[in-house]
Amino acid sequence: MNIADDLSSTPLPPAAPASSAAADPPLRVGLDVRPWHMSGLGTFVQELLAATARLGLPTAWTLVGPGALREEMPEGLTVERWIDFDEPLYSLRSTLAYPRLPPLDVFHYPHYNLPLIGARRAVATVFDLFHLHYGGWPKRRYQSLFLRRLRWSRCAVMTSSEKTARELTAEFGVPRRRIHCIALGPGRSPQSAAAAHRRDGP
């Protein structure tokens, strides 16, 4: 028997169990959940948290929003800290009097109007420039102001389309290296599940 045959017939020893002490700690992520009941932004926030809980991702969440939303969080979601904050999303206090955040690996603000925060690493989501292109004068000025602020901040920007990414760079000078384009996927919302149940039957 040659060496190759001998090695192939020799059973491998069982793998040593992974040490729990060596396991990576969970990622500490902050997220503003105040848009929870809004149509577009709310769907995004709900699906993001639901997918994290469903996949069992090692994430310890710090959530910012009204305390009444705590009961609506997905089952199995690891919420390390809840910061009660109930100011309207577009209010002045929402921008200037945002609550103090604990140490986080990253803070995710799901809209373009990023408030004044002290997070070391932050990402803001900009889905489109609808207010700028199609809104009245106040909305155009409002979105323009915050998009210019994003340009001068160190915040990363997440968007769901290459078109928006190009507009952010061309119209506001946001460096392309700071923009991360992540296409939206199909969701698993209760409405979708109910529709499938009616279509397919019990």
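1. Let's start with Phe127: this residue is partly exposed, since its relative accessible area is 21%. (Buried is under 20% relative accessible area, exposed is over 50%, and partly exposed lies in between, with a 1.4 Å probe and protein chains only.) This is a predicted model, where local features need pLDDT of at least 70, side-chain atom pairs count only at pLDDT 80 or more, and totals for chains, interfaces and linings use all residues. Residues are numbered from 1 along each chain as its sequence is written, and side-chain values use heavy atoms, with hydrogens and water left out.

2. Now the rings. A pair of aromatic rings is described by the distance of the centres and the angle of the planes. Here, rings of Phe, Tyr and Trp (its six-membered ring) pair if their centres lie within 6.5 Å; planes under 30 degrees apart are stacked, over 60 edge-to-face, and the rest tilted. That rule gives eight aromatic pairs. Phe44 and Phe127 are edge-to-face, because their ring centres are 5.2 Å apart and their planes sit at 80 degrees. This pair links distant parts of the chain, 83 residues apart: Phe44 is in helix H2 (residues 40-55) and Phe127 in the loop between S5 and H4. Phe44 counts as buried, at 16% relative accessibility. (Helices, H or I with at least four residues, and strands, E with at least two, are DSSP runs numbered from the N terminus.)

3. Which aromatic pair does Tyr142 form? Tyr142 pairs edge-to-face with Tyr90, at 5.7 Å centre to centre and 65 degrees between the planes. Again the pair links distant parts of the chain, 52 residues apart, with Tyr90 in the loop between strand S3 (79-84) and H3 and Tyr142 in helix H5. Tyr90 is partly exposed at 38% relative accessibility, and Tyr142 is partly exposed at 21%. Elsewhere, ring pairs join Phe85, Tyr98, Phe107 and Tyr109 into a cluster.

4. On to helix H5 itself (residues 137-152). Its 16 residues reach 23 Å from first C-alpha to last, close to the 22 Å expected at 1.5 Å a residue; the expected span is 1.5 Å times one less than the number of residues. Its buried residues are Gln143, Ser144, Phe146, Leu147 and Leu150. The cover over them includes helix H3 (92-96), strand S5 (122-125), helix H4 (130-134), strand S6 (156-159) and H6.

5. Helix H6 (residues 162-172) holds Thr164, which is buried with a relative accessible area of 3%. Beyond its neighbours within four places in sequence, Thr164 is in contact (heavy atoms within 4.5 Å) with Val126, Phe127, Asp128, Leu129 and Thr159.

6. Pro175 is in the loop between H6 and strand S7 (179-181), and is partly exposed at 21% relative accessibility. Pro175 and Ala156 are 19 residues apart in sequence and 9.7 Å apart in space, C-alpha to C-alpha.

7. Finally, the overall picture. The protein has seven helices and seven strands, following the pattern α-β-α-β-β-α-β-β-α-α-β-α-β-α along the sequence. Of its 202 residues, 38% count as buried. Among contacts with a separation of 6 or more, 51% come from residues 24 or more positions apart.
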